[in-house]
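Please look through the sequence and the structure shown here, and then follow the paragraphs below with both at hand.

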Amino acid sequence: MTVKLIVKKLSKLFNDPKGEGLKRLQRGESKEHIFRETGVVVGVNDVSFEVQEGEIFVIMGLSGSGKSTLVRMLNGLIPPTSGEIWIDKDDIASCGKARLREVRRRKITMVFQHFALFPHKTVGENVAYGLKVKGAGKEERRATAINALAKVGLQDHADSLPSQLSGGMQQRVGLARGLATDPEILLMDEPFGALDPLIRREMQDELVALQKELKKTIIFITHDLNEALLLGDRIAIMKDGSFVQVGTAQDIVSEPADDYVRAFVADIDRSRVYTASDILQEASQVPYTGTAADVLKVMDENEIDTLHVVQKGKAIGFVTRYDALSVDPETPVRKLMQAEPPSVTEDVYLNELFSAAQSGVPVAVTDEKGRLLGVIAPESIFEHLIPDEEPAEDDTDGTGSPNGDEPEKAPETAVLADAGETEKEEGRA
Amino acid sequence: MFSPHDLVTIPFDDWMNTFVRGFLVPYFRPFFRALQVPVTEVLNTLDAFLAWVPMLVVTAVFAFMAWRIVSRNMALLAILGFAFVDMIGLWPETMTTLSMIITSVLFCTVIGIPTGILVARNDLAWKIVRPILDVMQTVPSFVYLVPIVMLFGVGMTPGIIATIIFALPPIIRMTNLGIRNVRADLIEAAEAFGSTSWQMLWEVQIPLAMRTIMAGLNQTLMLALSMVVIAALIGAGGLGLVVNTGLGRLNVGQAMSGGVGIVILAIVLDRITQGLAEPRTGGSSLREALLSFLKGQNTEAANSATAGTAAPQDKAA
């Protein structure tokens with residue numbers, strides 16, 4: 001993978017004509033201190049990152065954290081105070097107006113929080129706007145617009161006015177407009193922030209599906225950590241104009257960099273963060289050609305009660321201890337196994353695992369080609385839904401828990417863990 | 001009692017006399033004379049044209065515009081009004097006034113809209129233009145009639161130039177307002193897709209400011225109409241002259257006739273230009289408007305949006 005966007009030491013200070021604030025910032029004075037003494041507002045403070053081609057890079061932060069300022073610097077809507085922004089061979093921060101316009105026309109587009117559709121243009125004309133400013137002909141514009149609208153399922157609305165569409169549909173148009181010029185980078189500034197929760201979920205899923213096909217480099221801004229975790233290949237958590245932590249969803253949830261991130265992570269929906277591949281355990285298996293005696297031997301060695309039967313790397317069935325004991329030891333496995341074990345692919349999130357796990361049998365995890373990668377015991381799903389052991393470690397360190405919620409959660413954790421234990425023991429008996 | 005007057009007296013009137021008579025008139029009169037050439041040309045052409053077109057044709061054209069842009073009732077009113085003006089024998093004067101008004105509004109538009117666009121996009125320009133507009137709107141029009149006569153002479157054209165000065169501010173202000181009020185995120189969007197400054201103006205700012213600009217045009221038109229009588233004082237003809245003559249001879253009836261003619265012209269022009277500024281609201285009568293409102297606002301809003309935006313779009317395309 002190649003790096004598509006490089007941001008180096010980017011800062012933006014508002015209301016700083018003399019550069020006094022920048023000097024103080026470089027000396028390491030705090031944002032509040034600078035504002036109090038000089039009236040200079042630090043929007044973005046020394047942010048550096050790289051985005052890979054085809055990656056969704058989510059910048060997550062609360063309002064006032066500087067995320068909107070940051071994303072507007074990436075396409076030059078706000079000129080940075082210092083730093084560099086490299087897209088291929090162009091530095092957005094220092095290239096001239098004409099060059100910047102070229103980059104905007106060919107390489108980078110934007111989707112806005114409040115859609116920002118032109119109310120006097122039809123949906124089709126809105127989508128084709130980027131082509132029009134480039135000077136594309138009428139037929140080409142129309143064809144491209146219909147094409148882009150088809151990607152978001154709105155090809156029949158090309159001649160409507162934006163005001164005739166619902167909020168969700170309007171943002172689809174916004175997305176289609178961003179995609180119409182086939183840019184390499186798509187900036188999305190809280191694109192689903194103005195939509196109601198149901199539509200937002202729908203749009204998130206749709207973006208994921210679309211991204212699988214388009215593989216654009218996307219910089220996605222949000223204030224919703226669940227959204228960030230769902231969409232982001234990597235996530236940057238922003239506070240007071242700086243990045244606090246950059247990492248994958250699993251990194252951020254399992255190893256929050258500081259109390260600020262930990263407070264965020266405390267009440268997110270973990271079942272949407274971890275995938276089957278994150279929690280799978282090595283599968284104990286017997287070959288297709290084995291016998292009941294082999295099954296019992298493997299079970300005893302591993303202290304388990306269920307085994308998957310594997311043929312050419314694929315799990316074709318499973319055997320329980322009860323099944324194996326109730327037949328003659330020489331019975332071949334294929335006679336006593338139960339076919340079609342519950343199975344999921346490795347990229348499935350935990351919240352989609354519940355139905356597969358409800359039979360109580362370990363769930364087989366397979367790759368795209370159906371090869372068995374491992375298994376997930378139903379109880380281990382619950383273990384991963386509980387906030388990590390970190391609160392427990394904090395407790396041993398002392399009482400100074402950074403998050404007021406945690407003491408309340410501790411008993412709950414214990415109960416769930418107990419339940420898991422008893423289940424296991426019962427199973428073994 | 002002491003007053004500053006005891007210390008210093010400023011001969012402001014003498015200064016102004018010297019400035020206008022001793023400086024502007026001798027040195028710049030040819031310049032101002034040249035300025036009025038285009039105005040005279042447009043006015044004469046228009047005046048001759050309106051005098052040549054039969055009364056019935058003019059009425060039909062105005063009735064048609066009123067019907068298409070406003071409502072059937074307005075068309076009827078226009079026909080009745082124009083017929084009344086013709087019957088009281090003031091048709092030629094009304095046409096002269098109409099050509100004066102169209103000329104001054106035309107020049108106001110040609111000067112005002114570009115100026116409005118300029119000051120909307122340049123804060124420094126707005127800082128300079130704004131006090132000038134304030135002065136133009138507060139100085140009584142009689143004050144600048146005298147220097148206008150000195151520089152331009154008497155007649156129709158000086159009357160129109162006075163009218164232009166008087167009626168220009170609203171269209172500049174409203175154009176400025178309309179363009180400045182275009183939503184910031186739309187400007188950002190246009191910029192983010194790589195628009196040039198001109199593309200931004202033609203594709204986004206002007207179409208979205210069009211309604212406000214049309215409201216400014218309507219204001220300018222109304223001010224131009226109200227200047228008709230005053231302009232007649234320096235030799236402009238038309239209905240204003242009728243009113244002035246009536247006043248001078250204490251002929252109440254004549255003054256009144258001229259006044260009625262102006263009012264009728266004002267109503268017809270006002271409604272038509274207001275109709276241009278506001279999108280149509282479906283039904284032409286109050287009853288129909290209410291019915292469509294009750295039936296469903298959405299479809300109607302959509303219709304009106306289509307009607308309201310079709311025109312600017314065509315221009316932009």
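Where pLDDT is low, the predicted coordinates should not be read in detail. Chain B as a whole has a mean pLDDT of 86, with 88% of its residues reaching 70 or more; residues 280–286 of chain B also have pLDDT below 50, and there the model holds 18 contacts beyond near neighbours in sequence. For chain A the average pLDDT is 82, and 90% of the residues score at least 70, while residues 390–429 of chain A have pLDDT below 50 and 26 contacts beyond near neighbours in sequence. For the complex, the predictor gives an ipTM of 0.73 and a pTM of 0.75.

This is a predicted model, in which local features need pLDDT of at least 70 and side-chain atom pairs count only at pLDDT 80 or more, whereas totals for chains, interfaces and linings use all residues. Residues are numbered from 1 along each chain as its sequence is written, and chains are lettered from A and ligands numbered from 1 in the order in which they are written.

Where the chains meet, 20 residues of chain B and 19 residues of chain A take part in the contact. On the side of chain B that touches chain A, the elements giving two or more residues are helix 9 (184–192), helix 10 (197–226) and helix 15 (297–316) of chain B; helices (H or I, at least four residues) and strands (E, at least two) are DSSP runs, numbered from the N terminus. The residues on that side of chain B divide into 10 nonpolar, 7 polar and 3 charged, where Ala, Val, Leu, Ile, Met, Phe, Trp, Tyr, Cys and Pro count as nonpolar, Asp, Glu, Lys and Arg as charged, and the others, Gly among them, as polar.

Within chain A, strand 7 (residues 185–189) is largely enclosed by the rest of the structure, because 5 of its 5 residues are buried; a residue is buried if 20 or more other C-beta atoms lie within 10 Å of its own, exposed if 12 or fewer, and partly exposed in between, with C-beta atoms placed from the backbone. In a regular strand the side chains alternate between the two faces of the sheet. Here I185(A), L187(A) and D189(A) point one way from strand 7 of chain A, and L186(A) and M188(A) the other way.

Strands pair if DSSP finds at least two bridges between them. Strand 7 of chain A pairs in the parallel sense with strand 6 (residues 108–111) of chain A over 4 bridges, and M110(A) stands opposite L187(A). Strand 7 of chain A also runs parallel to strand 8 (residues 217–222) of chain A, joined to it by 5 bridges, and L187(A) stands opposite I219(A) in strand 8. From strand 7 the chain crosses through helix 9 (residues 197–214) of chain A to strand 8 in a right-handed β-α-β crossover, right-handed meaning that, with the strands pointing away from the viewer, the path from the first strand over the helix to the second runs clockwise.

Chain A also has an open sheet of 4 strands in the order 11-12-13-14, with mixed pairing, whose edge strands, strand 11 (285–287) and strand 14 (338–339), each pair on one side only.

Methods
Two residues are in contact if their C-beta atoms, placed from the backbone, lie within 7 Å. pLDDT is the predictor's confidence in each residue, from 0 to 100.
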